[in-house]
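Welcome! Here is a short briefing to read alongside the sequence and the 3D view. Please have both at hand as you go.

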Amino acid sequence: MGSSNRTLIFATIFLYLLLHFPSQTEARGLKSPAKCPKSLSQVCKTSPNYAFCVRVLMSNPLTLLAPNTKGIVVNALEIVRKESMKTSKFFDGLANGKGTVPAFKPALKECASDFKKASGLMNLKVLEGDFATMDVNYALDDARSCETKLSMDEVNIKSIPAAIKNWKNFYAVASAAALTLENLQN
């Protein structure tokens, strides 16, 4: 492949991306909950924190390019799946940290496992039609299991409550997406 062919391919890709991604001004305007696309608003309207849901979904360019509401649901679940893995790695890091109290490590490892299981539930292939919200609620059960284990073992690490609270905010996005999916199928 010659140099001119590479330049042509690069220019074509650049032009495509330039034309299909929103400008910074458009993106800033879209991040306002009042100015989000109707299909995205449909997904977030059942979330307890509408503004957070919109902000999270709008932060992913694939959401803006989603062809329909189902595409937005898929992106929402992927975002929350990644956040679940991030939370799992957070607990894994604490469990394997040199400064961690040895008595805390079993609970921290269990939490890492719980959030890893939760990430597996954030997948459209796993969600079953009319039971999508129930399936996503299993992820919340995993988080509650972690909280129970931490409480029982009296694990006191200052960064944990914030990490769990952050994950629960993302979970609310997945829950809203699952409810939207159920409504689409009915």
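Contact here means heavy atoms within 4.5 Å. This is a predicted model, in which local features need pLDDT of at least 70 and side-chain atom pairs count only at pLDDT 80 or more, while totals for chains, interfaces and linings use all residues. Residues are numbered from 1 along each chain as its sequence is written, and side-chain values use heavy atoms, with hydrogens and water left out.

**A residue to start from: Ala-143**

- Ala-143 is found in helix H8; helices (H or I, at least four residues) are DSSP runs, numbered from the N terminus.
- Leaving aside neighbours within four places in sequence, Ala-143 is in contact with Phe-115 and Trp-167.
- Ala-143 has a relative accessible area of 1%, so it is buried (under 20% relative accessible area, with a 1.4 Å probe and protein chains only).
- From Ala-143 to Lys-117 the C-alpha distance is 9.7 Å, although the two are 26 residues apart in sequence.

**How H8 meets H9**

- Helix H9 covers residues 159-185, and H8 packs against it at an angle of about 165°, with the axes 8 Å apart (axes are lines fitted to C-alpha atoms over the stretch in contact, and angles run from 0 to 180 degrees between N-to-C directions).
- That angle makes H8 roughly antiparallel to H9, a label for angles over 145 degrees.
- Residues making the contact include Ala-143 and Cys-146 of H8, and Trp-167 and Tyr-171 of H9.
- The residues of this contact divide into 16 nonpolar, 3 polar and 3 charged (Ala, Val, Leu, Ile, Met, Phe, Trp, Tyr, Cys and Pro count as nonpolar, Asp, Glu, Lys and Arg as charged, and the others, Gly among them, as polar).

**The disulfides**

- A disulfide is a covalent bond between the sulfur atoms of two cysteines; here it is assigned to a pair of cysteine sulfur atoms within 2.5 Å, and the count comes to 2.
- Cys-111 and Cys-146 form a disulfide with 2.0 Å from S to S.
- This pair links distant parts of the chain, with Cys-111 in helix H7 (residues 105-120) and Cys-146 in helix H8 (residues 132-152), 35 residues apart.
- The torsion about the S-S bond of Cys-111 and Cys-146 is about 100°, so this disulfide is right-handed.
- Cys-44 is joined to Cys-53 by a disulfide, with the sulfur atoms 2.1 Å apart, and both cysteines are buried.
- For Cys-44 and Cys-53 the S-S torsion is about -75°, which makes the disulfide left-handed.

Technical notes
Buried < 20%, exposed > 50% of the residue type's maximum accessible area, 1.4 Å probe, protein only. Helix = DSSP H or I, 4+ residues; strand = E, 2+ residues; numbered from the N terminus. Parallel < 35°, antiparallel > 145°, perpendicular 65-115°, else oblique.
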